[in-house]
Amino acid sequence: MAEWNREQNGIEQGMIQGNSMERKTVKEQAEYTPPVQPDFLRETIKQKPVNKKKLLRRTVTTVVMAVVFGLVACFTFLVLEPVISNRLYPEEEAEEVRFPEETVAEEMKPEDMIVEEEVPPPETTPVELEDEQIEELLSQVRFGIEDYQQLYEELAALAQKVGRSVVTVTSVVSDVDWLNDIYENEASASGIIIANNGKAVLILVSAGALGDADSIIVTFCDQTKTDAELVQKDATTGLAVLSVPLMSIGEETMDVIDIAKLGSSNSTKLLGKPVMALGSPLGSGSVCYGIVTSVGTVIDQPDSAYKSIVTDIYGSRNATGIIADLNGMVLGIIDNVNISNDMGNLLTAYGVTELKRTIEKMSNDQERAYLGIHGADVPEEAIKESGMPTGTYIKEIEMDSPAMNAGIQSGDVITKANETPIESYNDLLSVLAIAKPEDVLDVVLVRQGQEVSVQVTLGRR
């Protein structure tokens, strides 16, 4: 028992000594302070200072290089790309539009009126017919309702055939109302297909319906629609030429449409000739029939000798379209602007013969020279009685025109232009047709019996 107590006391003293040693170790650790490092071993991390000049220089260099790269890219795309494309895929140039030149119909000379004697045909004895035979013959040539209907069916078929060259041109103008709502105004007119230059189909139409159009839409005879672009306007006639790229016209439409056949309007045989009006004589897509009642009246406009064709067809004052004969040839372009008030709403048209030179210039987008005169042929009576020379008689001069600035006056007779003899007003117009704006025209004229030479610098209308 005593030994057991001594063991227990030994164990307790051992535990007490262990605890005291642990406390001493913890205390020593708590009181431990690391030694102070010397100054030469201390490090401080500092950021590198920013070089603002160097940064600005690099920024400017980057911007300049970007601009140069952009300019080189633009130059390559705008200049070199079309050149490379044209070499790899050569594009066909547009063909120049030309119409066969017509000669002005001359009056029959007295010697041409002499008819050579012809050998009379052998005499034949007349056959007397009885009344019954005459009635039988008349019954065979009687014009009935069926014949009348067949006649108009043939006219309708002809109108449909000619109508393949007629189109409807619609101009669209966008505008803003009081409430800032966008709306569109549309105006339409009838035109005709006049040529195919290999790149586009060219259309002649009244420029009055176009205005300042934001977009132009052409509707062909099969009701297909496509966008068109303005080639040129003519201030004198009020006509315009549009182009529709061939790429935008489908093959089916190309198989249906046709190019209008331009006839001749300078023949006196047109008087009393049956014609038809196509396009919009009484509204879009209308057709009218009638006859020509007047031809040859010259429309008084500068640097031109357009002649009017008057019909007995009653139409709208805003009518557009064409006048064609029963052979399908276009004789005139409907224009009721120059009609006199006493003629009511009878359809009139520009004769197509005098328009051909203007249409050629417009179709090829060529500028026309402007002289600024109202001329006419010198009458035969004045040549015989007063001894006036043949040439172009100046009736009137446009204000501030090149002719006025050069000193040309009313009453002068132009006899020569650029070494070309002028025997009629049409001869002078032919010289102007091949001239260009800014060309100098050497003109020889007769004024009160005296020959005068002047130089005219042609302008633009």
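I took helices (H or I, at least four residues) and strands (E, at least two) as DSSP runs, numbered from the N terminus.

I noted that this is a predicted model, in which local features need pLDDT of at least 70 and side-chain atom pairs count only at pLDDT 80 or more, while totals for chains, interfaces and linings use all residues. Residues are numbered from 1 along each chain as its sequence is written, and side-chain values use heavy atoms, with hydrogens and water left out.

I next looked up the pairing, where two strands pair if DSSP finds at least two bridges between them. Strand β10 (residues 320-325) runs antiparallel to β11 and is joined to it by three bridges. On the other pairing, three bridges join β11 to strand β12 (residues 346-351), again antiparallel. I traced Ile333 of β11 in both: Ile322 has it as bridge partner, and in β12 its partner is Tyr350.

I then checked burial, with buried meaning under 20% relative accessible area (1.4 Å probe, protein chains only). Five of the five residues of β11 (residues 330-334) are buried, so this strand is largely enclosed by the rest of the structure.

For the whole chain, I recorded nine helices and 20 strands. Buried residues make up 33% of its 461 residues. Of the contacts (heavy atoms within 4.5 Å) between residues at least 6 apart in sequence, 60% join residues at least 24 apart.

Note on methods
Buried < 20%, exposed > 50% of the residue type's maximum accessible area, 1.4 Å probe, protein only.
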